[in-house]
Amino acid sequence: MLFASMLALGALIGFVGAGGAGVTIALLTVGFHVPIHTALAVALASMVFTMLSGTISHFRQHEVLVKTGAIMGAGGIAGAYLGANFSNIVPSAILSAITGIMLASSALTLYIKMYQAEWLGRHIKIRQEPLTGRKLWIYGIAIGLFMGFLSGAFGIGAAAYIQLALMVVFGVPLLQTIGTCMMVILPISAAGGLSYLFNGRLDFPIFIQTLAGLMIGAWFGAKMTHLAPLPLLRVFIVGMPAVGGLVMILFH
């Protein structure tokens with residue numbers, strides 16, 4: 001049942017083109033009663049493989065700003081380590097509720113990006129050229145540390161926040177935000193997954209079933225993306241983390 005459910009979820013994730021770490025956590029905890037710490041460990045460890053393939057694909061298409069991604073990723077490694085160790089001492093009920101809130105806030109961020117782009121442009125100044133020099137290092141390490149902590153502590157990939165930061169703070173062009181974001185999340189998920197492993201939170205049978213289901217399902221789901229109208233894709237992109245967050249808040 002776990003593998004079949006992850007196969008279906010993977011197909012949906014591949015169809016939408018979103019990471020789905022938060023929805024994976026919600027399905028594991030609420031649907032299969034997996035302890036929240038184990039669910040976080042499985043989600044982060046699974047993201048390593050999906051982000052690796054995605055980063056390589058975008059890099060081949062010249063859609064990754066390597067230096068920016070490497071600097072943010074370096075800060076993210078430290079943040080993910082701290083976040084995973086923080087999560088390890090937080091009671092399960094509290095951790096589930098906070099994770100649900102973070103997932104819902106991610107959905108809100110995606111909604112603003114998808115449906116309120118004009119409002120966002122009026123209220124937030126988008127940097128027009130890539131950030132360089134000392135500021136790139138200072139902002140990159142600091143923001144990477146913060147994003148890594150969120151991912152390590154609550155298991156979400158924080159992709160919505162990272163993409164927004166890349167555009168607003170670092171001046172990364174829109175077409176390169178997705179690939180650069182994946183590059184940032186890759187070391188974050190690896191560091192967080194290893195930290196949970198060392199803390200004894202990673203359940204390998206659950207991890208293998210989850211990873212296999214997500215990867216196989218995503219491959220088939222991605223084949224259907226071009227057939228879907230853009231408005232439908234937008235609904236799913238925003239709706240998936242929104243539903244996952246509400247489920248975790250209500251049923252944690």
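Residues 174-197 are 100% helix and 0% strand, with the end C-alpha atoms 35 Å apart. Helices (H or I, at least four residues) and strands (E, at least two) are DSSP runs, numbered from the N terminus. The model is predicted: local features need pLDDT of at least 70, side-chain atom pairs count only at pLDDT 80 or more, and totals for chains, interfaces and linings use all residues. Residues are numbered from 1 along each chain as its sequence is written, and side-chain values use heavy atoms, with hydrogens and water left out.

The unreviewed UniProt entry places the feature "transmembrane region" at residues 34-52, 64-83, 89-115, 136-162, 174-197, 204-222 and 228-251. UniProt positions follow the numbering used here, feature names are shortened, and annotations may be inferred rather than shown by experiment. Over residues 89-115, the chain is 89% helix and 0% strand. The end C-alpha atoms of that stretch lie 38 Å apart.

Helix α3 covers residues 36-60, 25 residues in total. From its first C-alpha to its last, α3 reaches 36 Å, close to the 36 Å expected at 1.5 Å a residue. The expected span is 1.5 Å times one less than the number of residues. Histidine 33 lies in the loop between α2 (21-32) and α3. Although not a glycine, histidine 33 has a positive phi of about 55 degrees. Histidine 33 is exposed, with a relative accessible area of 66%. Exposed means over 50% relative accessible area, buried under 20%, and partly exposed in between (1.4 Å probe, protein chains only).

A nonpolar core is a set of buried Ala, Val, Leu, Ile, Met, Phe, Trp, Tyr and Cys residues joined through side-chain atoms within 4.5 Å. The largest such core has 58 residues. Leu9, Ile25, Leu28, Met72, Ile162, Leu166 and Phe170 touch the most other members. Helix α3 gives the most to this core, with ten residues. Beyond its neighbours within four places in sequence, leucine 166 is in contact (heavy atoms within 4.5 Å) with Thr68, Met72, Gly171, Val172, Thr177, Thr180 and Cys181.

The structure holds three aromatic pairs. Rings of Phe, Tyr and Trp (its six-membered ring) pair if their centres lie within 6.5 Å; planes under 30 degrees apart count as stacked, over 60 as edge-to-face and the rest as tilted. The rings of phenylalanine 86 and phenylalanine 149 have centres 5.5 Å apart and planes at 40 degrees, so this pair is tilted. The pair links distant parts of the chain, 63 residues apart: phenylalanine 86 in helix α4 (residues 66-88) and phenylalanine 149 in helix α7 (residues 133-154). Phenylalanine 86 is partly exposed at 35% relative accessible area. Phenylalanine 149 is partly exposed at 28%.
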